Amino acid sequence: MSTRIAFLKGHGTENDFVIVPDPENAVDLPPSAVAALCDRRAGIGGDGLLHVVRSAAHPEARGMAAEAEWFMDYRNSDGSIAEMCGNGVRVFARYLQHAGLAAEGDLAVATRGGVKSVHLAKDGDVTVGMGRALLPEGDVTVAVGGHTWAARNVNMGNPHAVAFVDDLADAGTLHEAPPFSPASAYPDGVNVEFVVDRGPRHVAMRVHERGSGETRSCGTGACAVAVATARRDGADPAATGTPVTYTVDVLGGRLLITEHPDGTVEMTGPAVIVAEGELDAEWLEGVRG
């Protein structure tokens with residue numbers, strides 16, 4: 001076994017990730033190791049981990065191998081598995097380009113939320129086809145401190161509760177997951193977005209990501225926010241036949257979200273690789289638990 005394992009660090013609107021290239025799915029990454037790698041004091045530090053694996057080499061992705069060569073085996077910073085991460089897909093694609101495994105233009109990436117279409121633009125931005133938003137029926141509420149808000153239930157391949165508030169400070173510290181009800185709405189937990197208006201088709205948000213805490217950005221969350229805001233504003237591209245685009249400000253930057261008449265949602269934003277190095281295999285073995 002090699003004494004060193006390659007890693008990189010990247011971010012999309014300051015939603016940051018440890019990247020572990022592992023084409024043949026040979027690196028054992030149990031939750032304890034992922035949590036240690038994402039630790040900001042004792043590890044590399046990140047909101048999550050992008051495990052880069054060939055689809056054909058991963059049991060969860062083999063069925064997608066004909067459509068997408070690469071599988072984003074995404075993990076939250078606590079080591080838990082997530083279905084999708086919008087900022088993560090952009091950084092994943094940027095890594096493939098950085099490594100010479102993908103070129104400028106179109107690319108398919110397999111995720112637990114299905115195959116996502118990606119476009120690597122000349123200007124450095126990355127656009128991801130995020131699929132269609134599902135809007136489950138039923139009332140949902142979220143709470144922080146003494147405040148309770150009605151929330152819109154939106155699923156972007158992972159679950160979201162979108163609450164419109166008067167001030168982003170109303171969300172508090174977001175150190176803990178905001179309570180929600182009914183519990184049956186999100187049996188596996190939920191990402192919670194708090195949203196304020198900034199102007200016509202322009203909003204700002206804060207987010208508590210399931211398994212990670214408050215993050216500087218959340219791509220699927222920004223998509224959920226744009227769709228929820230459009231419906232609040234009476235805009236439905238499926239009904240009008242006209243795409244709707246919202247600017248969504250996150251703590252780490254800005255994303256553009258477009259919902260098309262066929263229901264598909266696209267997200268455009270930056271993705272940056274900031275560092276690369278090697279992990280000590282003995283250290284990694286020691287944190288695997």
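The model is predicted, so local features need pLDDT of at least 70, side-chain atom pairs count only at pLDDT 80 or more, and totals for chains, interfaces and linings use all residues. Residues are numbered from 1 along each chain as its sequence is written, and side-chain values use heavy atoms, with hydrogens and water left out. The structure holds 3 aromatic pairs and 0 disulfides.

**Terms for burial and secondary structure**

- Buried means under 20% relative accessible area, exposed means over 50%, and partly exposed lies in between (1.4 Å probe, protein chains only).
- Helices (H or I, at least four residues) and strands (E, at least two) are DSSP runs, numbered from the N terminus.

**Aromatic rings**

- Rings of Phe, Tyr and Trp (its six-membered ring) pair if their centres lie within 6.5 Å. Planes under 30 degrees apart count as stacked, over 60 as edge-to-face, and the rest as tilted.
- The structure holds 3 aromatic pairs. In one of them, the ring centres of Phe17 and Tyr74 are 6.0 Å apart and the planes meet at 75°, so this pair is edge-to-face.
- Phe17 belongs to strand S2 (residues 15-21) and Tyr74 to strand S4 (residues 70-76), so the pair ties together parts that are 57 residues apart in sequence.
- Phe17 is buried, at 0% relative accessibility. Tyr74 is buried too, with a relative accessible area of 2%.
- Phe180 and Tyr186 also form an edge-to-face pair, with 5.3 Å from centre to centre and 85° between the planes.
- Phe180 counts as partly exposed, at 26% relative accessibility. Tyr186 is buried, at 3%.
- Arg232 lies over the face of Phe164, 4.7 Å from the ring centre. A charge sits over a ring if NZ of Lys or CZ of Arg is within 6 Å of the ring centre and within 35 degrees of the ring normal.

**Contacts of Lys9**

- Lys9 is found in strand S1 (residues 4-12). Lys9 is buried, with a relative accessible area of 16%.
- The side chains of Lys9 and Asp16 make a polar contact of 3.3 Å.
- A polar contact is a pair of N or O atoms within 3.5 Å; within protein, one must be able to donate a hydrogen and the other to accept it, and residues adjacent in sequence count only if both atoms are side-chain atoms.
- Not counting residues up to four places away in sequence, Lys9 touches residues including Phe17, Ile44 and Val272. Contact means heavy atoms within 4.5 Å.

**Two histidines**

- His58 sits in the loop between strand S3 (48-54) and S4. His58 is buried, with a relative accessible area of 6%.
- Leaving aside neighbours within four places in sequence, His58 is in contact with Asn25, Val53, Phe71, Asp73 and Arg112.
- A polar atom of the His58 side chain lies 3.1 Å from the backbone nitrogen of Glu60.
- His119 is in strand S6 (residues 114-120). His119 counts as partly exposed, at 34% relative accessibility.
- The side chains of His119 and Asp106 are joined by a polar contact of 2.7 Å.
- Not counting residues up to four places away in sequence, His119 touches Gly105, Asp106, Asp125, Val126 and Thr127.
- His119 and Gly129 are 10 residues apart along the chain, and their C-alpha atoms are separated by 8.5 Å.

**Helix H2**

- Helix H2 (residues 86-98) has 13 residues. From first C-alpha to last, H2 reaches 19 Å, close to the 18 Å expected at 1.5 Å a residue.
- The expected span of a helix is 1.5 Å times one less than its number of residues.
- H2 is mostly covered, with 11 of its 13 residues buried. Among them are Gly86, Arg90, Phe92 and Tyr95.
- Gly100 follows H2 and has a positive phi, near 75°.

**Cysteines**

- The structure holds 0 disulfides. A disulfide is a pair of cysteine sulfur atoms within 2.5 Å.
- The cysteine sulfur closest to that of Cys85 is in Cys218, 6.5 Å away, which is too far for a bond.
- Cys85 is buried, at 4% relative accessibility. Cys218 is buried, at 3%.
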